[in-house]
Amino acid sequence: MKRLIGTVMVVLLAGAGISLAADAKAGQAAYDKSCKSCHGANGTPNAVIGKMMKVEMRALGSAEVQALSNADLKKVITDGKGKMKASAGVTGAAADDVVAHVRTMKK
Ligand code: HEC
């Protein structure tokens, strides 16, 4: 039953022109807009931000960050983590897209 509902949802969303699969390309656009200023174009942190916030920022492509699950990465974006505030404009599918983009930064 759950599966049937899922299938119906996919068909409905596809009909509306919305894709359920995370889209790294769309994620890059959202990343550039909402994350790049602090995390750099390719995940290498902006040193000025780390200094200003007095925190050691890890590169998003680092093994430590890449070891986080997709759900954990999404949670950082939607809920914040430590000194990082939640990214207000990036929620739901857009957050999944950003996670997919962050995966492309893996070293
Ligand atoms: C205003 C600056 C700023 C913005 C904008 C920002 N971040 Fe962060 N982010 C930080 C800081 C600072 C930390 C480290 C927080 C800490 O360790 O206390 C961090 C931590 C993270 C972490 C956890 C890394 C780890 O070592 O566990 C991830 C993942 C992350 N950010 C992804 C993103 C994504 C994706 C976006 C955009 C949707 C984003 N951030 C937007 C400043 C920012």
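A residue counts as buried when its relative accessible area is under 20%, as exposed when over 50%, and as partly exposed in between (1.4 Å probe, protein chains only). The model is predicted, so local features need pLDDT of at least 70 and side-chain atom pairs pLDDT 80 or more, while totals for chains, interfaces and linings use all residues. Residues are numbered from 1 along each chain as its sequence is written, and side-chain values use heavy atoms, without hydrogens or water.

The protein has seven helices and zero strands. Helices are DSSP runs (H or I) of at least four residues and strands (E) of at least two, numbered from the N terminus. Buried residues make up 26% of the 107 residues.

Helix H7 spans residues 92-103. Its 12 residues reach 17 Å from first C-alpha to last. The expected value is 16 Å, at 1.5 Å a residue, counted over one less than the number of residues. Buried in H7 are Ala95, Asp97, Val98, Val99, Ala100, His101 and Val102. Their cover includes helix H2 (24-34), helix H5 (63-66) and helix H6 (70-79).

H2 packs against H7 at about 95°, with the axes 7 Å apart. H2 is therefore roughly perpendicular to H7, a term for angles of 65 to 115 degrees. Axes are lines fitted to C-alpha atoms over the stretch in contact, and angles run from 0 to 180 degrees between N-to-C directions. In contact (heavy atoms within 4.5 Å) are Ala24, Ala26, Gly27, Gln28, Ala30 and Tyr31 of H2 with Asp97, Val98, Ala100 and His101 of H7. These residues divide into six nonpolar, three polar and one charged.

Methods. Angles under 35 degrees count as roughly parallel, over 145 as roughly antiparallel, 65 to 115 as roughly perpendicular and the rest as oblique. Ala, Val, Leu, Ile, Met, Phe, Trp, Tyr, Cys and Pro count as nonpolar, Asp, Glu, Lys and Arg as charged, and the others, Gly among them, as polar.
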